[in-house]
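Here is my note on the structure, kept to helix packing and aromatic contacts. Please read it beside the model.

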Amino acid sequence: MSMTDKTNNNEMITNGNKVLPDFDPPKKPKRNKYAFACATLASMTSILLGYDIGVMSGAAIYLKKDWNLSDIKIEALIGTLNIYCLFGSFAAGRTSDRIGRRYTIVFAGAIFFVGALLMGFATNFSFLMVGRFVAGIGVGYALMIAPVYTAEVSPASCRGFLTSFPEVFINFGILLGYVSNVAFSRLPTHLSWRFMLGVGAVPSIFLAVAVLAMPESPRWLVMQGRLGEAKKVLDRTSDSPEEAQLRLMDIKETVGIPMECNDDVVIRPKSSNKNGEGVWKELLIRATPSVRRVVIAGLGIHFFQQASGIDAVVLYSPRIFLKAGITSDVHQLQATVAVGLVKTLFILVATFQLDKFGRRPLLLTSVGGMIISLFTLAMSLTVIDRSPHKQPWAVALCITMVCSFVASFSIGLGPITWVYSSEIFPLRLRAQGTSLGVAVNRVVSGVISLTFLSLTNAITVGGGFFIFGGIATIAWLFFFTFLPETRGKTLEEMHELFDDFKWRESLHNRMTSDKGKGEESVNGNNKSQVQLGATSTSTTNNNNNNNNITDENTK
């Protein structure tokens with residue numbers, strides 16, 4: 001063997017050494033900037049709900065003064081938005097299957113814009129409730145479509161990070177609502193609440209226009225037979241061309257398009273499941289065991305997210321601080337800004353940790369912190385309520401526990417609810433399944449917000465939070481025994497994950513965490529082989545080169 005051949009072989013080995021580390025362990029791909037931008041724009045629609053929740057907590061104070069509203073009417077005003085969301089969330093699934101995910105987001109922004117203007121110019125309570133109804137429909141649309149679009153456009157490597165964006169922007173919207181309350185609290189009473197509610201129309205205009213710059217969901221495009229457009233979107237939102245091809249193949253398999261079909265446009269025959277027809281039967285009546293588990297998991301996590309009392313804290317935080325001893329309206333609103341700031345900061349922490357630690361560890365840690373915070377808050381409020389004198393330590397503890405509760409909620413249960421429910425439903429059921437989860441979320445939230453003041457008047461504020469603490473404890477047990485880890489799984493692999501999941505095993509060997517990590521490593525290696533070339537071929541070539549060099553040196 002000549003020196004030139006030896007040099008070439010050494011170069012091949014060196015090149016091989018550069019490639020092999022990419023297989024074992026696989027390098028984490030860089031975050032896709034285009035997918036990041038798409039997820040950000042889509043998720044910003046969630047600001048609409050967040051702003052409405054945050055601003056109404058302060059606007060209710062001045063509405064009560066201006067129109068002399070009773071607690072029952074305040075509950076109806078605040079809580080009915082969540083019920084109205086049902087109409088939007090149920091309609092959004094069918095609408096998004098017909099006109100696409102992108103235009104559904106535009107439609108949501110337009111509806112909320114009208115609702116915000118109606119509320120700002122309301123002349124009586126009935127007029128105001130009409131505005132709430134219209135705004136609620138827009139919020140329902142936005143809540144359902146934002147996580148669906150984000151999950152469908154995101155690569156698996158950062159899907160948890162990107163799919164948590166809707167919850168991030170809900171929190172940002174809540175903070176904006178709290179800030180708006182403080183900013184307009186100095187105006188005359190009859191103007192302050194109008195500005196608080198009417199300003200909500202401004203972000204909806206920007207969002208509706210900005211969303212037009214987004215591409216359509218690749219999965220929706222494939223469902224329509226538009227393979228050429230879907231491939232272009234996948235090429236831009238995937239970490240590599242090979243991953244884009246794999247994602248396209250997975251979607252084609254799920255939709256029922258032959259793998260060998262590579263036409264830009266495919267005429268798909270109409271079926272009973274297209275555009276949502278027959279999906280509800282498959283979800284609720286004729287569900288397979290794996291689909292039934294998915295439905296229980298998706299609806300269960302939405303139920304417990306709201307039943308643990310987060311909206312009671314966010315919507316009625318001025319009342320809670322009043323019970324704690326803060327009597328000034330302005331000081332109460334300033335305290336809510338602090339709560340909103342804590343909530344937003346901790347949701348950002350969770351966003352960057354979802355794909356690092358997985359869903360289950362963050363979820364269980366989050367709910368554990370909520371349980372401790374709720375019981376401590378309940379005890380401190382009970383002490384304040386029964387003490388004839390003001391207890392400064394109990395007041396400080398109460399405020400601290402409110403912040404601790406929203407922080408614990410934000411690091412896990414808040415964002416993971418939307419991430420988890422948007423990624424576990426099969427493609428053919430995803431739009432309707434997600435809308436069903438949103439419906440449960442809003443119904444429970446509506447029940448809490450419609451009854452919280454009446455509940456606390458009957459059993460005290462502390463007693464109400466004791467109930468929330470008990471519900472959070474049940475939630476922790478449900479999550480521990482029933483929800484498998486989904487980190488690192490493609491959307492098309494969720495069916496197998498739930499089909500094989502045995503909840504009892506999580507009690508003995510934490511199957512979902514350990515097995516998930518092992519499978520993620522294997523899948524990562526397999527994907528790396530596709531992206532970088534066949535490992536066996538590279539390894540064999542390098543071994544042959546090493547043998548040749550050894551033989552030459554021996555000679």
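The points below concern a predicted model.

1. Helix α15 (residues 289-307) packs with helix α22 (residues 427-482): their axes come within 4 Å and cross at roughly 30 degrees. An angle under 35 degrees counts as roughly parallel, so α15 is described as roughly parallel to α22. The contact of α15 with α22 involves 21 nonpolar, 7 polar and 3 charged residues.

2. The structure holds 18 aromatic pairs. One of them joins Tyr84 and Phe133, with 5.1 Å from centre to centre and 80 degrees between the planes, an edge-to-face arrangement. Tyr84 belongs to helix α4 (residues 71-99) and Phe133 to helix α6 (residues 125-153), so this pair ties together parts 49 residues apart in sequence. Tyr84 has 16% relative accessibility and counts as buried, while Phe133, at 33%, is partly exposed.

3. Phe465 and Phe468 form another pair, with ring centres 5.6 Å apart. Their planes stand at 75 degrees, so this pair too is edge-to-face. Both residues lie in helix α22, 3 residues apart, which is about one turn of the helix. Phe465 and Phe468 are both buried.

4. Ring pairs also link a cluster made of Phe303, Phe304, Phe478, Phe479 and Phe482.

5. Two contacts between a charge and a ring deserve a look. The charged end of Lys73 sits over the ring of Phe125, at 5.3 Å from the ring centre. Arg102 lies over the face of Tyr103, 4.9 Å from the centre of that ring.

Methods
Residues are numbered from 1 along each chain as its sequence is written. This is a predicted model: local features need pLDDT of at least 70, side-chain atom pairs count only at pLDDT 80 or more; totals for chains, interfaces and linings use all residues. Side-chain values use heavy atoms; hydrogens and water are left out. Axes are lines fitted to C-alpha atoms, for helices over the stretch in contact, and angles run from 0 to 180 degrees between N-to-C directions. Helices (H or I, at least four residues) and strands (E, at least two) are DSSP runs, numbered from the N terminus. Angles under 35 degrees count as roughly parallel, over 145 as roughly antiparallel, 65 to 115 as roughly perpendicular and the rest as oblique. Ala, Val, Leu, Ile, Met, Phe, Trp, Tyr, Cys and Pro count as nonpolar, Asp, Glu, Lys and Arg as charged, and the others, Gly among them, as polar. Rings of Phe, Tyr and Trp (its six-membered ring) pair if their centres lie within 6.5 Å; planes under 30 degrees apart count as stacked, over 60 as edge-to-face and the rest as tilted. Buried means under 20% relative accessible area, exposed over 50%, partly exposed in between (1.4 Å probe, protein chains only). A charge sits over a ring if NZ of Lys or CZ of Arg is within 6 Å of the ring centre and within 35 degrees of the ring normal.
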